[in-house]
Amino acid sequence: MNRAVPHESAAKHVTGEAVYIDDMLVNEQLLVGKVVYSPHAHARIVSFDLEEARNTPGVHAVLSYRDIPGHNQMGPVVKDEVCLAEHEVVCVGQAVVLIAAETDEQCREAERKIKVQYEVLEPILTIEQAISAASLLGPPANMKRGEPDSSIRTSPHTIKGELHTGAQEHWYLESQVCLCVPGEHKEMNVFSSTQHPSETQSLIAEVLGVGKNEVVVEVRRMGGAFGGKETQGNHTACWAALLCNATNRPVKIRLFRDDDMIMTGKRHRFLSNYEVGYDDEGRILAANFDLHSDGGCATDLSFAIMQRAMLHVDNAYYIPDCSVSGTVYKTNLPSNTAFRGFGGPQGMAVIEQVIDRIARALHKDPAEVRHTNFYGMKDRNVTHYGQEVENNRLFMMYDQIMKSSEYLQRCKAIAAFNQESEFFKKGIALTPVKFGISFTTSFLNQAGALVLIYKDGTILVNHGGTEMGQGLHTKMQQVAASEFGVSLDRVKVNATNTSKVPNTSATAASAGADLNGMAVKNAVDILKGRIAENLAQYWNERDRLVTTRRDDIVFENNTITDSHYPKRNISFADAIPLLYLRQVQLSASGFYKTPNIGWDKDKGWGKPFHYFAFGMAVTEVNLDILTGHHNIIRTDILHDVGDSLNAGIDIGQVEGGYIQGLGWVTTEEVKWDGEGNLMTHSPDTYKIPGVQDIPKDFRTELLQNAPNPNTIRRSKAVAEPPLMLALSAWLAIKDAVSAVGNHELEPEFSLPATNEVILLSIEDLKRRKAEKTPAATTPEFAK
Ligand code: LUZ
Ligand code: MOS
């Protein structure tokens, strides 16, 4: 049953029949909603006048914070994010006024008539400015094992440095969108593009000042999310709900692409400092890491993201003495948010840079230094936060990918090529990924399901996870079908709906299939137990030949059978109407919470993760040193998804994750001007990977024969971990730049490695080399 069946909506996606919120048919009562946002990064609102806008023909509502019936709050964790600005605006793009009108044009006309008077204040726009202003979103966090300071002092070698890693725009194809439809009295039906329907429901109830039982949030599918709708789908939903409530008409808000990019948060920028001690073999002995992130104007998920970064500064490597600090800064930019990897990429980039630097300093192959530092199988296997690395697949995967990628031969070929080639240089890098699976906020690791069997024997599965293109519903359909032993076409997965499964967690942390799969299985097990018990009873009453016990009954091949007396069998389709007549309850809710995890975030110690997902990639690039342009010649990926629930979907996730990571490490540069305006707010200034950027030779394999214990059908999470495999591309580019200086000097490098960064790095390298050259090649006569 773990077949690579196509995504349940694949045909609909390509024919255009898949319904997204913007496609939903609503009657002529539908109003268009618009958000009027701050043009200033930081300003006091002196006054505003909405009268003229309210009198615009076709306009049904113009709302400010004064018109909010409930709480003016939409902070998901900390209540520090107003729904509409009151007396101050803290970033460009912050919502100030909402408009509902019959047409988009009328909204724009009303917007022109709104008069807001601002007194502009000084903004904080960079981490460096925030550090000097001591502008923090909260107290720093710390983790520590051993005595890194003294160990670094006694180490044979040390390195120090800092690394900037850039922001990233989610670029989901479907921008933020929500449609609210009023019901009777206080009821509201909400169709939201959200990864977190339960939180969207909660926040709407809070801004409207009604009970959560009045608000139903439904998600059929999202057109991509990537973390950008883990909390920030809530915003558009709250705004649409306010307009719907004020007009008693259906209201839809869909953010125009540029507005979406300007208004929503990004992946957190990080500035990371490190100091590391190591020995002659390149083995890390001790390290101090100080991570600083740009949280933007409000808390959002910034502390959880910083925590995950701190939990991934080790990546796949054992660091005996280690301390990590993490500080989240408050700036006047939209609140930064979850993005695939959730701080993991920012943490891992630091240690991968460190290992690369160690290897270059020792003139060793970086892959070999990585191998030297891998977590051990029996010892050296406890992380800096106290979790044992169990079922370590690093060595097995290293051996396999070194061979399959022909790494050593290609290193030699690259060296030979670089000797001959003046204007093109090639580079290669192997990087591993070890990624912790579970929400680090432990209580979030829970999920629910509601499975219904109808009288015709068809099955409807509800679960708390949302579909964003990742294939979760397909996997849940497969889980239900395999557990019931029926064919896939008997099972349908319903749109996610808060009135079916309550109090769910976001579909996030790569844990959607793990958590909801187990909850679905739990519901199916309950139903199977009931079916077995009642069928056994029926058979035993009908013919008293033998006794069928409940536990003897098996469900397979669309049939329910007594395994000891196979003549006693009935098709699933026939059994269900029979059981209905016998008054058997044919629906059940399921639940799951991840067992045996526990984590003290104040001490920075414990077992935050149920298990680790592993991956490894080798990337080779060709760099044009005159333009800084690079091509990926070949990428080999070996990724661990346990026993795959669906190999087709998983390979898609691995390849997609790597490509999305490529964007982050190469071309995707988010830039703001000196006044906090986003300069890169459309696809013509913000470059996500296109087909041309995909590796010419792309070889992806899933690790075979590596079942994952204690998870749904022995599978592993897939979504986030492969993104970080793209660090191999970043370091392959660095390797090619280094070749410009014949590997004698280490390039200065940051992330993303845009053409500009690459060219500056090459120029810097050439300059440093030229300065050194006279001394190194002192003419004979001068000696
Ligand atoms: N969301 C969250 C996440 O709230 N906690 C997490 O640990 C997490 N990890 C990855 C992505 N989203
Ligand atoms: Mo996420 S970064 O929504 O798992």
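This is a predicted model: local features need pLDDT of at least 70, side-chain atom pairs count only at pLDDT 80 or more; totals for chains, interfaces and linings use all residues.
**Entry 1**

I started with D104 and R108, whose side chains meet in a salt bridge at 3.2 Å, N to O. D104 has 39% relative accessibility and counts as partly exposed. R108 is also listed as partly exposed, with a relative accessible area of 35%.

K34 forms a salt bridge with E111, and the closest N and O atoms are 3.6 Å apart. Is K34 buried or exposed? K34 is buried, at a relative accessible area of 15%. I note that this value counts as buried because the cut-off is under 20%. E111, at 27%, is partly exposed.

**Entry 1: the loop between α18 and α19**

E744 forms a salt bridge with K769, and here the closest N and O atoms are 3.9 Å apart. The pair again links distant parts of the chain, with E744 in the loop between α18 (727-740) and α19 (755-776), and K769 in helix α19, 25 residues apart. I find E744 partly exposed, with a relative accessible area of 49%. K769 is partly exposed as well, with a value of 26%. I also traced a network: salt bridges that share partners join D356, R357, R360, K734, D735 and E746.

In the structure as a whole I have 46 salt bridges.

Which residues does a cis peptide bond join? The bond lies between L751 and P752, and its omega is about 5°. P752 is in the loop between α18 and α19.

**Entry 2: positive phi**

I checked residues other than glycine for positive phi and noted two.

- N391 has a positive phi of about 50° and is not a glycine. N391 is in the loop between α11 (366-373) and α12 (394-404), and I have it as partly exposed, with a relative accessible area of 44%.
- R713 has phi near 50°, again a positive value in a residue other than glycine. R713 is placed in the loop between β29 (697-702) and α18. R713 is partly exposed, with a relative accessible area of 27%.

**Entry 3: surroundings of T594**

I then took T594, which lies in the loop between β24 (587-593) and β25 (598-600). T594 is buried, with a relative accessible area of 12%. What does T594 touch, leaving out residues up to four places away in sequence? I list S438, N445, L515 and H610. I also looked up the separation from F443: T594 and F443 are 151 residues apart in sequence, and their C-alpha atoms are 9.0 Å apart in space.

**Entry 4: the whole chain**

I count 19 helices and 29 strands in the protein. The radius of gyration is 28 Å, close to the 28 Å from the globule rule for 783 residues, so the protein is as compact as a globular protein of that length. Along the principal axes, the C-alpha atoms fill a box of roughly 110 × 80 × 50 Å.

I have 61% of the 783 residues down as buried. For contacts between residues at least 6 apart in sequence, 79% join residues at least 24 apart. The accessible surface comes to about 30,600 Å², and 51% of that belongs to carbon and sulfur atoms.

For charges, I looked up 78 positive and 97 negative side chains. The centres of the two sets lie 5 Å apart.

Methods. Residues are numbered from 1 along each chain as its sequence is written. Chains are lettered from A and ligands numbered from 1 in the order in which they are written. Side-chain values use heavy atoms; hydrogens and water are left out. A salt bridge is a side-chain nitrogen of Lys or Arg within 4 Å of a carboxyl oxygen of Asp or Glu. Buried means under 20% relative accessible area, exposed over 50%, partly exposed in between (1.4 Å probe, protein chains only). Helices (H or I, at least four residues) and strands (E, at least two) are DSSP runs, numbered from the N terminus. The radius of gyration is taken over C-alpha atoms; the globule rule is 2.2 Å times the number of residues to the power 0.38. Contact means heavy atoms within 4.5 Å. Accessible areas come from the Shrake-Rupley method with a 1.4 Å probe; for residues, only the protein chains shown count as cover. Lys and Arg count as positive and Asp and Glu as negative; His and the chain ends are not counted. The place of a charge is taken as NZ of Lys, CZ of Arg, CG of Asp or CD of Glu.
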